[in-house]
Amino acid sequence: MKKFPVQIVENRKGYWIKFGTWSDEKYWDMVSEEDMVSVADWCREHECGTRMSYDMFEFKSQKDLEFFMLKWS
């Protein structure tokens, strides 16, 4: 199982994360669409989050966000 650097997005309402970090520009090339589809599929299967863009996910609750972070970060 792959682990990814994940950044919690503070400036949005609700519970959001973004893969990678702003300071690591090379990382964006490493997060593939295939990886993001796997993460999105896992979120749907566990009913804990929704993929909102290429590298951003929204969660219904803090509990769902923490569940996600334990698995993927």
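This is a predicted model: local features need pLDDT of at least 70, side-chain atom pairs count only at pLDDT 80 or more; totals for chains, interfaces and linings use all residues.
Residues are numbered from 1 along each chain as its sequence is written, and side-chain values use heavy atoms, with hydrogens and water left out. Local features need pLDDT of at least 70 and side-chain atom pairs count only at pLDDT 80 or more, whereas totals for chains, interfaces and linings use all residues.

Helix α1 spans residues 33–46 and helix α2 residues 62–72; they pack at an angle of about 135°, with axes 12 Å apart. Consequently α1 is oblique to α2, a class left for angles that are not under 35 degrees (roughly parallel), over 145 (roughly antiparallel) or 65 to 115 (roughly perpendicular). The axes are lines fitted to C-alpha atoms over the stretch in contact, and angles run from 0 to 180 degrees between N-to-C directions.

On the α1 side, Ser 38, Val 39, Trp 42, Cys 43 and His 46 meet Phe 67, Phe 68, Lys 71 and Trp 72 of α2, contact meaning heavy atoms within 4.5 Å. The residues of this contact comprise six nonpolar, two polar and one charged.

For the chain as a whole, 37% of the 73 residues are buried (under 20% relative accessible area, 1.4 Å probe, protein chains only). The accessible surface amounts to about 4,900 Å², 52% of it belonging to carbon and sulfur atoms, by the Shrake-Rupley method with a 1.4 Å probe. Of the contacts between residues at least 6 apart in sequence, 45% join residues at least 24 apart.

Note on methods
Helices (H or I, at least four residues) and strands (E, at least two) are DSSP runs, numbered from the N terminus. Ala, Val, Leu, Ile, Met, Phe, Trp, Tyr, Cys and Pro count as nonpolar, Asp, Glu, Lys and Arg as charged, and the others, Gly among them, as polar. Buried means under 20% relative accessible area, exposed over 50%, partly exposed in between (1.4 Å probe, protein chains only).
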